[in-house]
Amino acid sequence: MTETNTLEQAETVLRPDVDAVVVGAGFTGLYMLLRLRQEGFTARGFDAAPGVGGTWYWNRYPGARCDIESMQYSFQFDEELQQEWRWTERYASQPEILAYIEHVANRYDLRRDITFNTRIEAATFDETSHTWLVETDGGEAVRARHFIMGVGCLSAPIRPKFDGEADYRGEVYQTSLWPKDPVDFTGKRVGIIGTGSSAIQSLPLIAEDAEHVYLYQRTPNFVVPAQNRPLSDEEVAEIKADYKGFRARAKQGLTAFLFPRHDRSVFDLAPEARRAKLDEYWDLGGLPFLGAFNDILFDEEANAEVARYWRSRIDEIVDDPEIAELLTPDEFFGCKRLCAGTDYYETFNRDNVSLVDVSDLGIECLTSAGLRAEGVDYDLDAIIYATGFDAMTGSVTRIRITGSDGLTIQKKWEDGPSNYLGLTIAGFPNMFNMVSAGSPSVLATMVTCAEQHGDWVVDCLSYMREHDFTSINATTVAEDDWVATVNAASEVSLRTRCDSWYVGSNVVGKARVFAPYIGGYPPYVDKCETVAATGYDGFDLERL
Ligand code: N01
């Protein structure tokens, strides 16, 4: 090849407009944008919403609240930030979390890098230039060296299709796409479809206003009382006195958040003492209930003991024994994500609340006046879909992503979300999928995971810049090993043994794979750090 040819060729190589495109302006995307800017990379962020917040922008339904304690569900990268923000409740409500995220966006002037009201529709890798062409629904195309997804695990809503939808004349809502203006249910007959966290949190509040609420239940869920309460100045001050130490201790735990763990088997205690321990954790409330014994999620008999305890609790709270029976799950305790609620079981003692079992024929159709379920017509002024998400992968696969050799993400993930470290996908160079399948993500505190991933990605990009690399691609060997590690970790847990969004069974046709890495936050971080320290072992790095 002559020198002229080489020059001509170089000139035709496409140059990136920016170092990175970051999709999503929730916790993950915002942190990524901040870290990129701090390290001198140019980046553009995009979000379909008109503002920052990600999942906390859209999920505004009554009662929406986090199930990780507020003092831990927040950023820790800046001591000043964590000292200045004052959380008001043990579990923060959606408005407070959104206010916090907005505060972060303003404090670090992040909005100037983000284009809102804009959805990313497609991204295509160009092998000649080692760049991604990222296309928006507004017709813009941005060329970036790196394509970074901060799109969340629970952000692709699903809504079942029923016959007769066009006939129905009442109001329709979806918890995950709730309107910005509050909805007034006073004097209305409301139907809620679903019994996941979204329905469980919203039902008690909607029941306070509505004339009547029908909750359509296909499968009951275990609902632990959140035991939410205001945070006192003393407890906030105690944590803030050594916030760094508190965070460091949290990161030593499998879930990266602190809660009291009773490291003994259910069967180490005699029945009375066992009951007393479970009562203690019931009173403690929320997800920490899973820390009552160390074998709840691993031993069928231990799990069955806890499920029996649950039945007795529901029987105590719910007046009508038939309703109590219907509300009692018959699957492993904690197999689906445990729901943290407030007055959920108590709400079924209200005269204006009916539990409708739709486990047989299901919801058959919508009618002009409401819906028909199990052969009965219900007149409804409003129907609320609390029907969940195409979790872990839907927010990625809803984008037309094409990697090397024309391989699409939809094809690549036909049999499940194969990846390396959760972060990268063989055949999709320079693409990072943050806090998602293959990493602790939904099993740890998401904000801590967002920081860990943001730091790892920016370190990787800095390494590439330092060594003039323009492409990084996970090898299929490394990916296969990681997938085997993720699968092996999940096999020991009872969590793989029921239908849930963790395994993708709530989406018709989706491959059944336990998507997050359940091996724990510390071993995961060790692995990521070892890979980085060894010059990105398991990756092919190339220069143009
Ligand atoms: O969704 P879900 P979600 N007919 O998938 C039912 C997080 N989150 O939005 O179980 C009738 O749990 C479906 O029934 P079944 C949290 O991680 C957190 O409530 O498939 N019913 C199920 O009951 C949570 O786990 C908080 O039989 C139908 C429900 O819809 C995750 O998001 C708050 C149906 C969906 O439940 C998802 O929670 C909210 C049909 N055709 C959410 N189709 C916090 O507390 C579906 N269903 C932080």
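A salt bridge here is a side-chain nitrogen of Lys or Arg within 4 Å of a carboxyl oxygen of Asp or Glu. With that in hand, let us walk through the model.

## Ground rules

This is a predicted model, in which local features need pLDDT of at least 70 and side-chain atom pairs count only at pLDDT 80 or more, while totals for chains, interfaces and linings use all residues. Residues are numbered from 1 along each chain as its sequence is written, and side-chain values use heavy atoms, with hydrogens and water left out.

## Salt bridges across the chain

Side chains of opposite charge can pair when their charged atoms come close. Searching the whole structure turns up 32 salt bridges. One of them joins R313 to D279, with the closest N and O atoms 3.2 Å apart. This pair links distant parts of the chain: R313 sits in helix α10 (residues 300-317) and D279 in helix α9 (residues 271-284), 34 residues apart. Helices (H or I, at least four residues) and strands (E, at least two) are DSSP runs, numbered from the N terminus. Which side of the burial cut-off does R313 fall on, buried or exposed? R313 counts as buried because its relative accessibility is 13%, where buried means under 20% relative accessible area, exposed over 50% and partly exposed in between (1.4 Å probe, protein chains only).

R44 and E140 form a salt bridge whose closest N and O atoms are 2.5 Å apart. That pair also connects distant parts of the chain, with R44 in strand β2 (residues 43-46) and E140 in the loop between β5 (131-136) and β6 (141-149), 96 residues apart. R44 is partly exposed at 22% relative accessibility, and E140 is partly exposed at 32%. R107 and E84 meet in another salt bridge, at 2.5 Å from N to O. Here R107 belongs to helix α5 (residues 94-107) and E84 to helix α4 (residues 79-84), 23 residues apart. R107 is partly exposed at 29%, and E84 is partly exposed at 40%. A network of salt bridges links D78, E80, E84 and R107.

## Where α9 meets α10

The helices that carry D279 and R313 also pack against each other: the axes of α9 and α10 are 11 Å apart, at an angle of about 65°. Axes are lines fitted to C-alpha atoms, for helices over the stretch in contact, and angles run from 0 to 180 degrees between N-to-C directions. The crossing of α9 and α10 is right-handed; a crossing is left-handed if the near helix is turned anticlockwise from the far one by less than a right angle, and right-handed if clockwise.

Contact means heavy atoms within 4.5 Å. On the α9 side the contact is made by R274, R275, L278, D279, W282 and D283, and on the α10 side by E305, V306, Y309, W310, S312, R313, E316 and I317. These residues divide into 6 nonpolar, 1 polar and 7 charged. Ala, Val, Leu, Ile, Met, Phe, Trp, Tyr, Cys and Pro count as nonpolar, Asp, Glu, Lys and Arg as charged, and the others, Gly among them, as polar.

## The enclosed helix α2

Why is α2 described as largely enclosed by the rest of the structure? Because 10 of its 12 residues are buried, among them F27, Y31 and L34. The 12 residues of α2 (residues 27-38) should span 16 Å at 1.5 Å a residue, and the 17 Å between its end C-alpha atoms agrees; the expected span is 1.5 Å times one less than the number of residues. After α2 comes G40, whose phi is positive, near 85°.

The axes of α2 and helix α15 (residues 446-466) come within 9 Å and cross at roughly 35°, and this crossing is right-handed. F27, T28, Y31, M32, R35 and L36 of α2 take part, facing V447, A450, E451, G454, D455, V457, V458, D459 and L461 of α15. By class, the contact has 9 nonpolar, 2 polar and 4 charged residues.

V503 lies in the loop between α16 (476-491) and α17 (521-533) and is buried at 2% relative accessibility. Leaving aside neighbours within four places in sequence, V503 is in contact with T496, C498, A511, R512, V513 and F514.

N117, in the loop between β3 (114-115) and β4 (120-126), has a positive phi of about 55° although it is not a glycine. N117 counts as exposed at 52%. D405, in the loop between β17 (400-402) and α14 (409-412), has a positive phi near 55° and is likewise not a glycine. D405 is exposed at 72%.
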